[in-house]
Structures are given as C-alpha cells and as structure tokens.
Amino acid sequence: PGPAMGGGDYPDDNIDDDRYCAAAEMYLTAFANNDADMATYKAAMQSNSHYKQMRLWDWGTVDGAGTLSLYAVANDLSATDKSDIASNIVAFADGIKAAFGTEGYPANFDFPNDYDKYPWGSNSFMMNRAIVLAYAYEITSDSSYQDYIMRTMDYMMGVNAMRISYVTGYGEFTETDTHDRWAWTIGEDKFWPKGWLSGGPNNELINDYETPSTYAAKSYAAPGTAPHAWGSKENTVNWNAPLAWVSWYIENRIVNNLGGCGGNCP
C-alpha cells in the first residue's frame, strides 16, 4: 500500500501467511457450521507452504496464529496432521524456555540470536510467546511451561532492565503514561487506566526523540515523555490482547495448578 493517512504505514510484501491463516479460520468455521465449502477452504489451507508451521506472530506475520487455531478448535484433520501441529507448537515452546537462559533478565527472547535488537512492541512479542508456552502445557501437562509463563509475567511486572512494571496501575514501580491519543482527548493527563501494556524497549526502529538508542533492554523512554515516545510507550489493542489472555490463563489455569494466593488473588 501507499503512504498511510493519519496512522503509520504497515507494508507487507508477503501475504502467503495471511492466506493460510484466513483459510484455516474459514475451514474451522465451515466445519463447525457444516458448510458446503469446507473442503475448498481445507484444500487451500493444506496446500499452503505455511500449513502446520509454528512461529511467532504479529500484525504482519500470522501463520503461527492459524496453526494455534488448528490445535485449539475442533476439526477433521488426520491424526498425523494433528500430531505434527502439536509437536511443532511444543518445539517452538521449548525454544522459548531455552531463551530465558540467554539474558540476565527473564525476557523470553533468544537475544541476540533470534533477535539482534529489541523490536517495536517487544512486550507484545513476549506476551505472544507466553501464549505458546500455555499451549505447550495443555499439550504435554508439563508444568515447567507454566513456570516460564510466570517468569514472563515477572518481567512485565518489573523484573526487567528498567525496573518498571510495563502494565499501568500494577506493580510497585508502575508505568504511569503510555502513548495513547484517545486517552489524552478525554483528559487522562494525570493517570492512565489500569491494565494497559506499553510497547516496551525498542532499539530496532526509533523514529521519535524520546526513546533512547542504548542497550537493547533499556531502550525505553523516561517517565512523562509519552506524547513523543511512540517508539517504546505506544499501546495498542493487539498488544493488550495477549496480556489479557495470559492474565486470564494465569488466574484460571496456573493458580489452580501451581498454587498462589490461596486461590484468592486480589
């Protein structure tokens, strides 16, 4: 697409992953509704080179999300294909677990091997990776995957290079402002609603003058800079969604399994 009006540009020169993910979702929907076109969607999905692949997803790379749906939602795939999908999810999750040992802070990136820099929206990448860990637990019943989800949340809540909770309103050293123009229009200039996830450290693409170009895990703008710190303090719905997903999972699947707060967490 050409230059965007009002928002940022989102170029994507490879849409095979989009076609795969869309076909997967259409197939699953058609299967659930006994739709006559189910076979068409299934054939399009299975003929795609991304079929059964598992990798991290974001706004521009979505095949991993399609594969997770194929595991989570009822379908008529063969037992072999279902086993391949589960194995690919677990293999990716195992790489995420191993990544924790490569950094001084419990970030689930394999830095600097998989990521030579912290990307724009790094916190959302980490939360999406926590979702994969959750799937791996559901597949294997190995509680170590849940342990690493908790370590991911520890990072978000303050065990990080900035010693800050990246979630507004939560933690001893909580973030107090994010780059959100809607919030400013309703007068939220003193505090932000609880539960908003900021983008996080970013030294991959810095095009504002508040996000510092420094060590990867510390490339995060200072307090009170949000209006001009979109590179690290932006918040978006597709970043907050995995935070909400993982928070629900911790409360409903991990606390019951690993314990904590006597089941009565505030």
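Here are some worked exercises on the structure shown above.

This is a predicted model, in which local features need pLDDT of at least 70, side-chain atom pairs count only at pLDDT 80 or more, and totals for chains, interfaces and linings use all residues. Residues are numbered from 1 along each chain as its sequence is written, and side-chain values use heavy atoms, with hydrogens and water left out.

**Exercise 1. Describe the largest pocket and what lines it.**

Step 1: Start with the term. On a 1 Å grid over the protein atoms alone, a pocket is an open set of points with protein on both sides within 12 Å along at least five of seven lines, and lining residues have an atom within 4 Å of a point. Grid points are joined across faces, edges and corners, and the volume is the space filled by probe spheres set on the points, the probe being 1.4 Å.

Step 2: The largest pocket holds about 1,200 Å³ of space. It is lined by 41 residues, and Asp58, Trp59, Trp120, Phe125 and Trp239 are the closest to its centre.

Step 3: Look at the helices, which are DSSP runs of H or I with at least four residues, numbered from the N terminus. At least two lining residues come from each of helix H3 (63–72), helix H5 (122–140) and helix H9 (237–258). The most come from H5, which gives 6 residues.

Step 4: Ala, Val, Leu, Ile, Met, Phe, Trp, Tyr, Cys and Pro count as nonpolar, Asp, Glu, Lys and Arg as charged, and the others, Gly among them, as polar. The lining then divides into 20 nonpolar, 11 polar and 10 charged residues.

**Exercise 2. Find the buried side of helix H2 and say what covers the buried residues.**

Step 1: Pick out the buried residues, meaning those under 20% relative accessible area; exposed means over 50%, and partly exposed lies in between (1.4 Å probe, protein chains only). In helix H2 (residues 38–46) these are Met38, Lys42 and Met45.

Step 2: Check how they are arranged. Their arc around the axis, taken from the directions from the helix axis to the C-beta atoms, is only 65°, so they sit on the same side of H2.

Step 3: Turn to the other face. Ala39 and Thr40 are exposed on the face of H2 turned away from its buried side.

Step 4: Look for the cover, using contact as heavy atoms within 4.5 Å. Helix H1 (16–32) and H3 are included in what covers the buried residues of H2.

**Exercise 3. Compare the geometry of two aromatic pairs: which is edge-to-face, and which is stacked?**

Step 1: Apply the rule. Rings of Phe, Tyr and Trp (its six-membered ring) pair if their centres lie within 6.5 Å; planes under 30 degrees apart count as stacked, over 60 as edge-to-face and the rest as tilted. The count by this rule is 9 aromatic pairs.

Step 2: Take phenylalanine 109 and phenylalanine 125. Their pair is edge-to-face, at 6.4 Å centre to centre with 75° between the planes. Phenylalanine 109 is in the loop between helix H4 (79–99) and H5, and phenylalanine 125 is in helix H5, so the pair links distant parts of the chain, 16 residues apart. Phenylalanine 109 is buried at 0% relative accessibility, and phenylalanine 125 is buried at 12%.

Step 3: Take tyrosine 135 and tryptophan 245. Their ring centres are 6.2 Å apart and their planes at 15°, so this pair is stacked. Because tyrosine 135 lies in helix H5 and tryptophan 245 in helix H9, the pair ties together parts that are 110 residues apart in sequence.

Step 4: Tyrosine 135 is buried, with a relative accessible area of 16%, whereas tryptophan 245 is partly exposed at 35%. Not counting residues up to four places away in sequence, tryptophan 245 touches Ile131, Ala134 and Tyr135. One aromatic cluster is formed by Tyr71, Tyr135, Trp245 and Tyr249.

**Exercise 4. Is isoleucine 250 buried or exposed, and which residues does isoleucine 250 touch?**

Step 1: Isoleucine 250 lies in helix H9 and is buried, at 12% relative accessibility.

Step 2: List the contacts. Isoleucine 250 touches Ile149, Met150, Met153 and Val255, leaving aside residues up to four places away in sequence.
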